[in-house]
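Good morning, and thank you for making time for this presentation.

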Amino acid sequence: KRQPLLYEILTDELQRWEIAPTYQKLLMGTKVNWIQDKVEGVNLKNRLVDLKSNISLDYDYLVLAAGRKTKFVNIPGLETHALTFRSIFDAERLQERLRILETLDKTIKIAVIGAGANGVELACKIYDRLSGNAEILLIDRSNVILKNFNYGIQKAASQAIHRRNIRSLFSANVEQITTNSIIVSQGERIMKHSIDLALWTAGTETIEWVDALNCQQNKFGQLLTRPTLQLIDYPEVLALGDIAEIRNSKTKIVPSTAQAAYQQASIGAKNLKAAMLGKSLQRFYYLHLGDMLTLGKKKAIVSSFGINLTGFVAGLLRRLIYIQRLPTMRHRLQVLKNLFKN
């Protein structure tokens, strides 16, 4: 899953070690055996995980939390010319591209495709990173910004975009991307814009080996689970995050967000222990605590239980909340110390 603090890499508000510590560091002093490899497939019936190094690992219990991958649609030039933004590798690649563009004696023109959270946060951060020396075009097929968020979030994001003179094109389709241009249609109107950089933030899809699993899935390729996070057909396997369709009730699906995955991890760990001890497992209940978006350097919107907080204070609060969610107490304290030192 995309890390919420990746954007701060672009503006040098955070360093790589703060948001992406190595597994060696996180697991130091534990009994966890970490294997760096790539999953090629999972044989649920025989309880085997096949790795790229030709090793197969057997298991008594398995947790699947691999997330999803960026979905590319059939737009000419998309995969060749547009950058994605879901991983630390993506952030560092974009960081390097921005460094190169900053050496040019010109206004930098950037197209961000997708006006969901990823696209809006990226557009604001990049504008601030470039100190306003940018023309940013935000493109989306829908007719509204952040369509899955509440009005308070949408209003704050719209204001942040307006203050930065970021141009929005809604109800628009990208027809083609080249090295230095993007062609966009709005109804019968076709527009060609010159660009220096295109960013693709629209959509995810199932990883190949997950799609090949011999178990029940929905039409989006997500694994179907019991209320206890166990796969329906294989109770020894737990599935967490946006790899799975998880329901609060028969009709309400839990959103595929970092907040939901964080809550699932806690119940998943407890249920894993309960299963090994032969005890009853807990049902997962999702509690929506609110939403947070970064809206530029050191600024954000935090919306929780009807209260909206914006600006610098919201930016600091968002950062502190995400620091609290970092994996170990030692790492949290190191990041927190660095925050107040700077």
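I start with a detail at the start of helix α7, where a side-chain oxygen of Asn150 reaches to within 3.0 Å of the backbone nitrogen of Gly152. Helices here are DSSP runs of H or I with at least four residues, strands are runs of E with at least two, and both are numbered from the N terminus.

Before going further, the conventions. This is a predicted model, in which local features need pLDDT of at least 70 and side-chain atom pairs count only at pLDDT 80 or more, while totals for chains, interfaces and linings use all residues. Residues are numbered from 1 along each chain as its sequence is written, and side-chain values use heavy atoms, with hydrogens and water left out.

Let me stay with α7. It covers residues 151–163, and at 1.5 Å a residue its 13 residues should span 18 Å; the expected span is 1.5 Å times one less than the number of residues. The end C-alpha atoms of α7 are 18 Å apart, which agrees.

Which residues of α7 are buried? They are Gly152, Ile153, Gln154, Ala156, Ala157, Ala160 and Ile161. Buried means under 20% relative accessible area, exposed means over 50%, and partly exposed lies in between, with a 1.4 Å probe and protein chains only. An α-helix has 3.6 residues a turn, so residues three or four places apart point the same way. Just after α7, Asn165 takes a positive phi of about 55°.

The largest nonpolar core has 47 residues, of which Leu94, Ile110, Ile126, Ile136, Leu199 and Leu295 touch the most other members. The largest share of this core, 7 residues, comes from α6. Such a core is a set of buried Ala, Val, Leu, Ile, Met, Phe, Trp, Tyr and Cys residues joined through side-chain atoms within 4.5 Å. A second, separate core of 28 residues includes Val42, Ile243, Val254 and Ala260.

As for Ile136, leaving aside neighbours within four places in sequence, its contacts are Ile110, Val112, Ala123, Ile126, Tyr127, Ile166 and Arg167. A contact means heavy atoms within 4.5 Å.

A polar contact of 3.3 Å joins its side chain to that of Thr294. A polar contact is a pair of N or O atoms within 3.5 Å; within protein, one must be able to donate a hydrogen and the other to accept it, and residues adjacent in sequence count only if both atoms are side-chain atoms. Not counting residues up to four places away in sequence, Lys125 touches Tyr7, Glu8, Thr11, Glu13, Thr294, Gly296, Lys297 and Lys298.

Lys25 is placed in helix α3 (residues 23–26). With a relative accessible area of 23%, Lys25 is partly exposed. The side chain of Lys25 makes a polar contact of 2.7 Å with the side chain of Gln334. Beyond four places in sequence, Lys25 touches Trp17, Arg330, His331 and Gln334.

Two further backbone points deserve mention. Most residues other than glycine have a negative phi, and most peptide bonds are trans. Ser131, in the loop between α6 and β8, has a positive phi near 55°, and at 68% relative accessible area Ser131 is exposed. Leu229 has a positive phi of about 80° and lies in the loop between β15 (223–224) and β16 (237–239); at 0% relative accessibility, Leu229 counts as buried.

Finally, the chain as a whole. Its secondary structure comes to 11 helices and 20 strands. With 342 residues, a compact globule would have a radius of gyration near 20 Å, and the chain has 21 Å, which agrees. That radius is taken over C-alpha atoms, and the globule rule is 2.2 Å times the number of residues to the power 0.38. Along its principal axes the C-alpha trace spans about 65 × 50 × 40 Å. Of the 342 residues, 46% count as buried.
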